[in-house]
Amino acid sequence: MAMRKWAMGIGAGLLLAVGTGQAVSATTKPSAEQVRQLMQVFSVGKMFSQMNTQMAGVMGQQLPCVPAGYWQNFVDANGVKQLTERMVPIYQKHFTAEEVAGLLKFYRSPLGQKVIAEMPATMAEGMQIGRQWGQQRAQAMLGELQKEGKVDAQGRCPASPSAKASPLKGK
């Protein structure tokens, strides 16, 4: 129902703009309702719920004296609404109304829905690959620095008095 009212409002606004000879600017800021719809299509509430579950696990380990039920309800529907409202200006700052309309069209399409459904898995797999790559790069760089004598076998700077006095000396 709210979407129908929103669409009718946008339609009426476009008709009014065309009827008065004014063009809708390509840089028009998206409405808060338009951004909320985008967040709804993204299933932001579901994402926040998943984040809350992860946070509850971490907090439960760090503070075992607090009952688990407390953490499970830490980010409730009201919290999701509060966070969503704080995110609206960010989207309004970075996207035009036309762009948000395009995003809505895409993410409501079958391909857009697949992107939303698959994004958590692809991001998790990508982060794992990134972590592995980063560890390999760090080991390779550490090996090079050890060969050059810039770090010791433990990966620390040598404790020579001249290195402490002038770290740039000899370059």
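This is a short tour of the structure, stop by stop, for use in your viewer.

**Before you start.** You are looking at a predicted model, in which local features need pLDDT of at least 70, side-chain atom pairs count only at pLDDT 80 or more, and totals for chains, interfaces and linings use all residues. Residues are numbered from 1 along each chain as its sequence is written, and side-chain values use heavy atoms, with hydrogens and water left out.

**Select the whole chain.** Show it as a cartoon and you will find 8 helices and 0 strands; both are DSSP runs numbered from the N terminus, with at least four residues (H or I) for a helix and at least two (E) for a strand. Of the 171 residues in the protein chain, 17% are buried. Here buried means under 20% relative accessible area, exposed over 50%, and partly exposed in between (1.4 Å probe, protein chains only).

**Colour by pLDDT.** This is the predictor's confidence in each residue, from 0 to 100. The chain averages 77, and 74% of the residues score at least 70. Among the elements, helix α6 (residues 97-108) has the highest mean, 95, while helix α1 (residues 2-19) has the lowest, 39.

Where pLDDT is low, the predicted coordinates should not be read in detail.

**Select Q92.** You will find Q92 in helix α5 (residues 77-94). Is Q92 buried or exposed? Its relative accessibility is 16%, so Q92 counts as buried. Leaving aside residues up to four places away in sequence, Q92 touches K29, P30, S31, A32 and V35.

**Select residues 110-147.** This is helix α7, with 38 residues. At 1.5 Å a residue α7 should span 56 Å, and its end C-alpha atoms are 54 Å apart, which agrees; the expected span is 1.5 Å times one less than the number of residues. Now zoom in on E118, where α7 has a kink of about 45 degrees, shortly before the proline P120. The bend is the angle between axes fitted to the seven residues ending at a residue and the seven starting there. Just after α7, stop at G149, which takes a positive phi of about 80 degrees.

**Select C65 and C157.** C65 counts as exposed because its relative accessibility is 69%, and C157 is also exposed, at 65%. How many disulfides does the whole structure hold? A search finds 0, a disulfide being a pair of cysteine sulfur atoms within 2.5 Å.

Terms used:
Contact means heavy atoms within 4.5 Å.
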